[in-house]
Amino acid sequence: MERTFIMIKPDGVQRGLIGDIISRFENRGLKLVGAKFLQVPSQLAEDHYAEHRERPFFGELVTFITSSPVFAMVWEAPNAISIARSMMGKTNPVDSLPGTIRGDYGISLGMNIIHGSDSAESAAREIAMWFTQNELTMYEQTIGKWI
Ligand code: DAT
Ligand code: MG
């Protein structure tokens, strides 16, 4: 079983895509184990994007993600990280295929609707950064067997 951190960015929230995105993950069969709607503090934004600190677009990234509320979530499934990444579509809009979230809703490299962890290490780091243990449901314990 695997968990991944997913965040609907300010453009996705403002465009009213929270419901559609949650539906896509539910329909695919991932289980929601945590969620919160928040305006991101700048320290959290900088920590979240720490791997991009030296990139020329780092400032824009932090400004964008802190500009208005985001919807942060943790989803669980076998291979949740790669499944969520394929549902999101590629970073470069030229490569994000129709049928994916980015491919269906955007053509902007920066305002690309959704963030998803890209590896097991990133997922563990991001989940711990955005959620406390008791904000996350133990799905199997509360619902029963994982379906
Ligand atoms: P992803 O969000 O697909 O994991 P990433 O981690 O490489 O992509 O980059 C984080 C975000 O930074 C990405 O969602 C959009 C923005 N970004 C990436 N490359 C960029 C670039 N060359 N110019 C401007 N923004 C960029
Ligand atoms: Mg990334």
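Which residues are exposed on the other side of H7?

## Basis of the model

This is a predicted model, in which local features need pLDDT of at least 70 and side-chain atom pairs count only at pLDDT 80 or more, while totals for chains, interfaces and linings use all residues. Residues are numbered from 1 along each chain as its sequence is written, chains are lettered from A and ligands numbered from 1 in the order in which they are written, and side-chain values use heavy atoms, with hydrogens and water left out.

## Helix H7

Helices (H or I, at least four residues) and strands (E, at least two) are DSSP runs, numbered from the N terminus. In helix H7, which spans residues 120-130, the buried residues are Ser-122, Ala-123, Glu-126, Ile-127 and Trp-130; buried means under 20% relative accessible area, exposed over 50%, and partly exposed in between, with a 1.4 Å probe and protein chains only. These residues lie on the same side of H7 because they cover an arc of only 120° around the axis, the arc being that of the directions from the helix axis to the C-beta atoms. On the other side of H7, the exposed residues are Glu-121 and Ala-128.

The buried residues of H7 pack against strands E1 (2-8), E2 (31-38), E3 (70-77) and E4 (114-116), and also against helices H3 (42-48) and H5 (80-88), where contact means heavy atoms within 4.5 Å.

## Helix H4

In H4, Phe-58, Leu-61, Val-62, Phe-64 and Ile-65 are buried. Seen down the axis of H4, these buried residues fall within an arc of 165°, so they line one face of the helix. Glu-60 and Thr-63 are exposed on the face turned away from that buried side. The cover over the buried residues of H4 includes E1, helix H1 (10-14), H3 and E3.

## The nonpolar core

The largest nonpolar core has 40 residues, and those with the most contacts inside it are Ile-21, Phe-25, Ile-114 and Trp-130; such a core is a set of buried Ala, Val, Leu, Ile, Met, Phe, Trp, Tyr and Cys residues joined through side-chain atoms within 4.5 Å. Two or more residues of this core come from each of E1, helix H2 (18-28), E2, H3, helix H4 (58-65), E3, H5 and H7, and the largest share, seven residues, comes from E3.

Leaving aside neighbours within four places in sequence, Phe-25 is in contact with Ile-6, Leu-30, Trp-75, Ala-84, Met-87, Ile-101 and Ile-114. Thr-4 lies in strand E1 and counts as buried at 0% relative accessibility; with the neighbours within four places again left aside, its contacts include Trp-75, Ala-84, Ala-123 and Ile-127.

## Ligand 1 and Asn-112

Ligand 1 is surrounded by Lys-9, His-52, Phe-57, Leu-61, Arg-85, Thr-91, Arg-102, Leu-109 and Asn-112, each with a heavy atom within 4 Å of the ligand. An oxygen atom of ligand 1 is 3.0 Å from an N or O atom in the side chain of Lys-9, and the corresponding distance for the side chain of His-52 is 3.0 Å. A polar side-chain atom of Thr-91 lies 2.4 Å from an oxygen atom of ligand 1. Taken alone, ligand 1 exposes 510 Å², and the protein buries 78% of that, the areas coming from the Shrake-Rupley method with a 1.4 Å probe.

Asn-112 sits in the loop between helix H6 (101-105) and E4, and is buried, with a relative accessible area of 6%. Leaving aside neighbours within four places in sequence, Asn-112 is in contact with Lys-9, Asp-11, Thr-91 and Arg-102.

Definitions and conventions: Polar contact = N/O pair within 3.5 Å; in protein donor to acceptor, adjacent residues only side chain to side chain.
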